[in-house]
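Hi,

Here is the structure I promised to pass on to you. Have a look at it first, and then read on for what I found in it.

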Amino acid sequence: MTAGREARIPIEPIYENAVPGIRSIRKEKRRCLFSDEGDLTYYRTYSRRNCEIECEAKILIDKCDCVLYFLPRINASVRICGPNDNACTNEVQTQIESSDKKVTCANCWPACFELSYRATVTATTITSGQFLTTEWPPELFSSATNFSEISIVNFYYLSSILRSTTKSEMFGFTEFLCKL
């Protein structure tokens, strides 16, 4: 963020879980993976994000013959990408983020138990003047502060309540028999 700007970043936690009883349902039907079901090389437990990180690393190794420094080195002999690899790595990352079906990490399903966070960023120019709140400007800013030289970032939760989603069988074998 550049100087002279104030950003607000509301954070919304999303908790999804599943009852253990749905483990017997095929993955394609329940559309989630339990932590021990994913076939990950670098991570011990499965999550969608861990899968996407490994997938991106594998694609970069395949296409660019290197891996970005912040991604797992799945194979110890693979080199870290350098400045000369920027064209290749940028192209691969663009393809992964686009709807290009040739380069995709679409096989990374959501985890059956997952806590994630959704955040949106809004930013505006900081202005000086008469404020209707006693909180602004904070005491550390004097009236002589040049607002074009500072940046402010506000992180906050949208709600003090955490809502969760639970996947379970809607109709089990017993419910099915009761309907007959």
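Let me begin with the strands: strand 1 and strand 4 (residues 152–157) run parallel and are joined by 6 bridges. In that pairing, Pro 10 has Tyr 156 of strand 4 as its bridge partner. Please keep in mind throughout that this is a predicted model.

**The chain as a whole**

How many helices and strands does the chain have? The secondary structure comes to 4 helices and 5 strands. Read from the N terminus, their order is β-α-α-α-β-β-β-β-α. Of the 180 residues in the chain, 29% are buried. Among contacts with a separation of 6 or more, 66% are between residues 24 or more positions apart. As for the surface, the chain exposes about 13200 Å², and carbon and sulfur atoms supply 51% of that area.

In soluble globular proteins, nonpolar side chains tend to be buried together. In this model, the largest nonpolar core has 23 residues, and Tyr 46, Ile 59 and Leu 71 have the most contacts inside it. Helix 2 (48–64) and helix 3 (86–97) each supply at least two residues of this core. The largest share comes from helix 2, with 7 residues. Apart from this core lies another one, of 5 residues, which includes Ala 18, Cys 32, Phe 34 and Cys 112.

Setting aside its neighbours within four places in sequence, Leu 71 is in contact with Ile 53, Glu 56, Ala 57 and Leu 60.

**Helix 3**

Helix 3 has 12 residues, and from its first C-alpha to its last it reaches 16 Å, close to the 16 Å expected at 1.5 Å a residue. Which residues of helix 3 are buried? They are Thr 89, Val 92 and Ile 96. Looking down the axis of helix 3, you will see these buried residues fall within an arc of 65°, so they line one face of the helix. Helix 2 is included in what covers them. On the face of helix 3 turned away from the buried side, you will find the exposed residues Ala 87, Thr 94 and Glu 97.

**A few single residues**

Asn 50 has its place in helix 2. Is Asn 50 buried or exposed? Its relative accessibility is 16%, so Asn 50 counts as buried, the cut-off being under 20%. Leaving out residues up to four places away in sequence, Asn 50 touches Leu 40, Tyr 43 and Thr 45.

Arg 31 is not a glycine, yet it has a positive phi of about 60°. Arg 31 sits in the loop between helix 1 (27–30) and helix 2.

Asp 65 lies in the loop between helix 2 and helix 3. Its relative accessible area is 54%, so Asp 65 is on the exposed side of that 50% cut-off.

Happy to talk any of this through once you have had a look.

Best wishes

Note on methods:
Residues numbered from 1 in each chain as written. Predicted model: local features only at pLDDT ≥ 70, side-chain atom pairs only at ≥ 80, totals over all residues. Heavy atoms only, no water. Core = buried A, V, L, I, M, F, W, Y, C linked by side-chain atoms within 4.5 Å. Buried < 20%, exposed > 50% of the residue type's maximum accessible area, 1.4 Å probe, protein only. Contact = heavy atoms within 4.5 Å. Expected span 1.5 Å × (residues − 1). Arc of directions from axis to C-beta. Areas by Shrake-Rupley, 256 points an atom, 1.4 Å probe, with all protein chains shown as cover. Pairing = 2+ DSSP bridges.
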